[in-house]
Amino acid sequence: MQYFVNVTLTGLTEGMVYSAFALALVLIWRSTRIVNFAQGSMAAATTFIALALIQAGQSYWVALIVALLSGLLLGAIIERVVIRPVEGGPELNAVIVTLGLFVAIQAAIAIVFGSAFQSFPTPFGLEGFQVGDNRIALTPNSVWVIAAVLVTMALLVVLFRFTRIGLAMRASAFGQEVARLLGVRVGRMLTLGWALAAVVGSLAGLLIAGGEFVYPAYMDSLIVFGFVAAVLGGLDSPIGAIVGGLILGLALSYVSGYVERGSALVNVAALVILMVVLLVRPGGLFASSTARRA
Amino acid sequence: MSDLQSPANTTAEGRTTGSKTAEEAPTEATAGADQPTASRRRSLLPQSTLLRHLLVLLLAAVGAVVLLEITDPFTNSQLATLTYYAIAAGGLTVLTGMNGQISLGHGALMAVGAYTTALFLSADEPLPLPLILLAAIVTATAVGALVGVAAARLHGPYLAGATLALAVGLPGLAIYFHDVLGGEQGMRVRAPRAPEAFESFISAVSGNSATNTKWLAYLGAICLLITYFLLANLIRSRIGRTWRAVRDQEVAAELAGINLGAWRVLAFVVSAAAAGLAGGVLALVVRLAAPSGFTLVLSLALLTAIVIGGLGSLLGALLGSALLVFLPPFVTDLGAGWGLDNTEAAQLAPFVYGVVLIVAMIFAPAGVVGTLRMRWLTRQAKRSAAQSSRG
């Protein structure tokens with residue numbers, strides 16, 4: 001029973017990170033109909049910036065803020081410079097451009113920061129809380145992870161629901177021509193959307209890195225998990241992405257916790273889940289209408 | 001006349017108006033795949049497709065022998081590497097260029113072929129090599145069919161994501177079944193020795209010593225030539241035309257009674273077979289089948305090869321593969337000259353792949369071969385227009 005609780009808690013914590021990452025993918029998908037496969041590399045880049053600052057003696061929090069800001073900048077620059085020319089064009093071209101970014105940024109990280117494994121610090125302890133006589137798998141760090149993701153999501157909800165900029169962003173995602181006619185600077189909104197998504201992605205990258213080893217390709221699995229979570233939720237729905245992330249986190253945690261040598265199977269399990277979802281419900285678990293042809 | 005101009009026109013339009021043409025225009029990236037029809041009339045090659053391809057095959061075989069005999073052993077081994085990249089890229093270009101499906105999973109399918117080859121060769125009395133390579137093809141085809149069935153229902157980004165999951169997930173199986181497949185260390189491959197006939201052939205042709213490296217390079221070249229011959233015939237056949245119809249005009253193709261799903265699965269299966277063979281050749285040439293050999297970067301490198309060469313063109317796939325082989329040593333040297341250490345300099349190659357993918361998609365979506373072909377066609381069209389207006 002206690003083991004089950006611990007596996008579940010681990011799954012929920014990791015699921016929160018997958019949710020955040022899936023949310024970043026969904027934000028971009030909704031505004032530009034592009035799946036940003038470079039998200040993982042972009043997040044890895046900002047994580048390495050944070051790591052460099054921490055190694056230079058700065059505090060975790062300074063590093064966090066600088067990393068998120070550099071994510072904002074990186075997202076905006078990438079949208080403006082390389083994504084804009086292929087936006088609205090054939091879908092294959094956009095996919096190939098984001099894949100090019102993916103491999104180019106990853107290689108750039110290795111060139112600048114080296115490809116060795118480096119440990120990434122956490123701001124809080126990694127020892128589980130004491131409940132009665134048992135130590136559970138909920139650590140101060142996982143509380144921080146969950147809180148950080150929840151706060152980010154709340155901020156996004158506030159932005160999209162209650163501000164003019166959020167309204168303009170929703171409008172340009174909903175109907176570009178109409179929004180443009182009504183005076184929304186659609187181009188800027190798309191840039192802002194990518195920038196925000198890059199911030200959320202960077203946060204996910206920093207959170208999953210805490211207490212682990214980072215290397216240039218450490219986000220490869222996370223981009224798959226984020227994609228699977230987003231597809232679980234239907235790619236179009238932020239709520240779906242969050243629920244999808246949690247479901248995936250739990251499922252993968254049970255696989256690695258209950259199957260013998262299951263940790264080697266986590267990536268395969270994600271593949272199986274994705275295949276089943278795409279075959280049975282291509283529109284995601286929460287699709288209200290029929291699957292749209294991307 | 002209008003027939004001549006159409007490919008050039010669609011791209012010019014696609015570049016200027018962007019979003020408008022997204023629905024009607026054939027996928028811009030693959031526009032270069034449509035072969036010119038009018039230019040053949042003046043060509044010296046025979047009319048029959050099969051005869052023409054046989055002639056090219058013969059010339060290419062002679063060219064391969066000459067190339068392998070005048071180059072040094074190191075270049076021989078580089079050319080052996082080129083053959084497996086080119087086989088896989090040829091398969092991928094059929095899938096992506098002809099049928100508009102993207103796959104990031106071809107590295108994983110190559111892994112299937114490589115591990116199959118390694119397993120069969122580790123037997124005490126290994127089967128003859130052609131049978132083993134055939135087994136590699138069959139296994140990869142089976143996996144490809146499975147993926148293809150799922151993939152047939154998916155579009156662009158969904159398909160990319162699903163095959164990405166395949167590329168990241170499948171090597172995990174090698175670690176899970178580490179008793180059989182050797183875990184992280186992988187499986188050593190005992191490459192079979194060259195047959196006697198090969199040694200006498202080499203000594204008759206050039207008098208060079210028939211080393212094992214040379215034998216593997218020849219083996220790869222033979223596989224490459226056979227694969228490209230078969231793929232070229234397939235592309236020019238009814239099957240190839242149907243694939244292009246499915247790619248460019250989904251609705252029209254469906255109305256014409258084409259079962260979209262079945263044809264997509266077929267494209268994936270053919271492409272997976274090529275990847276399986278490429279994996280088999282890779283295992284023989286590298287003499288190792290390990291998860292680290294089949295990373296995502298391999299799949300993305302293959303994608304770079306076909307994009308830079310021009311989607312849908314086998315010649316483009318071959319040129320792109322040559323780039324994959326000869327570019328890394330070049331940029332690594334360059335990086336070392338700039339004061340990077342070895343591991344950093346080694347990363348310059350993937351960096352260049354990525355930049356090339358981005359730049360190619362923004363400025364020349366039809367790739368090298370496609371862009372040149374389009375230039376040529378535009379010039380032809382202009383010239384004949386000028387002539388007709390004068391006359």
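1. In this predicted model, helix H4 of chain A and helix H17 of chain B (residues 348-363) cross at roughly 155 degrees, and their axes come within 7 Å. An angle over 145 degrees counts as roughly antiparallel, so H4(A) is described as roughly antiparallel to H17(B). The crossing of these two helices is left-handed.

2. Which residues make the contact of H4(A) with H17(B)? From H4(A) come Asn93(A), Ile96(A), Val97(A), Leu99(A), Gly100(A), Leu101(A), Val103(A), Ala104(A), Ala107(A), Ala108(A) and Ile111(A). From H17(B) come Leu348(B), Pro350(B), Phe351(B), Tyr353(B), Gly354(B), Val355(B), Leu357(B), Ile358(B) and Met361(B). By class, this contact has 17 nonpolar and three polar residues, and no charged ones.

3. The contact between the two chains as a whole takes 45 residues from chain A and 48 residues from chain B. On the side of chain A that touches chain B, the elements giving two or more residues are helix H4 (91-113), helix H9 (220-232) and helix H11 (266-280). The side of chain A that touches chain B divides into 33 nonpolar, eight polar and four charged residues. Charged residues are therefore present on that side of chain A, whereas the contact of H4(A) with H17(B) has none.

4. H4(A) also packs within its own chain. Its partner there is helix H2 of chain A (residues 39-55), at an angle of about 20 degrees and with the axes 8 Å apart. Angles under 35 degrees count as roughly parallel, which is why H2(A) is called roughly parallel to H4(A). H2(A) passes H4(A) in a left-handed crossing.

5. The contact of H2(A) with H4(A) is made on the H2(A) side by Gly40(A), Ser41(A), Met42(A), Ala44(A), Ala45(A), Phe48(A) and Ala52(A). On the H4(A) side the residues are Leu101(A), Phe102(A), Ile105(A), Gln106(A), Ile109(A) and Phe113(A). Ten is the number of nonpolar residues in this contact, which also has three polar and no charged residues. Leu101(A) is listed in the contact with H2(A) and also in the contact with H17(B).

6. Chain A has 11 helices and four strands. Its C-alpha atoms fill a box of roughly 65 × 50 × 35 Å along the principal axes. Does the radius of gyration point to a compact or an extended chain, and what is its value? For 294 residues, a compact globule would have a radius of gyration near 19 Å, and chain A has 19 Å, which agrees. Buried residues make up 53% of chain A. Among contacts in chain A with a separation of 6 or more, 72% are between residues 24 or more positions apart.

7. Chain B has 18 helices and two strands. Of its 391 residues, 50% are buried. Residues 24 or more positions apart account for 77% of the chain B contacts with a separation of 6 or more.

8. Most residues other than glycine have a negative phi. Arg33(A), however, has a positive phi near 55 degrees, and Arg287(B) has a positive phi of about 60 degrees. Arg33(A) is in the loop between helix H1 (2-32) and H2 of chain A. Arg287(B) is in the loop between helix H13 (260-286) and strand S2 (288-289) of chain B.

9. Val7(A) is found in helix H1 of chain A. Because 18 other C-beta atoms lie within 10 Å, Val7(A) is partly exposed. Leaving aside residues up to four places away in sequence, Val7(A) touches Ser253(A), Tyr254(A) and Gly257(A). The C-alpha atoms of Val7(A) and Phe113(A) are separated by 34 Å, the two residues being 106 apart along the chain. Phe113(A) is one of the H4(A) residues in the contact with H2(A).

Methods:
Residues are numbered from 1 along each chain as its sequence is written. Chains are lettered from A and ligands numbered from 1 in the order in which they are written. This is a predicted model: local features need pLDDT of at least 70, side-chain atom pairs count only at pLDDT 80 or more; totals for chains, interfaces and linings use all residues. Two residues are in contact if their C-beta atoms, placed from the backbone, lie within 7 Å. The radius of gyration is taken over C-alpha atoms; the globule rule is 2.2 Å times the number of residues to the power 0.38. A residue is buried if 20 or more other C-beta atoms lie within 10 Å of its own, exposed if 12 or fewer, and partly exposed in between; C-beta atoms are placed from the backbone. Axes are lines fitted to C-alpha atoms, for helices over the stretch in contact, and angles run from 0 to 180 degrees between N-to-C directions. Angles under 35 degrees count as roughly parallel, over 145 as roughly antiparallel, 65 to 115 as roughly perpendicular and the rest as oblique. A crossing is left-handed if the near helix is turned anticlockwise from the far one by less than a right angle, and right-handed if clockwise.
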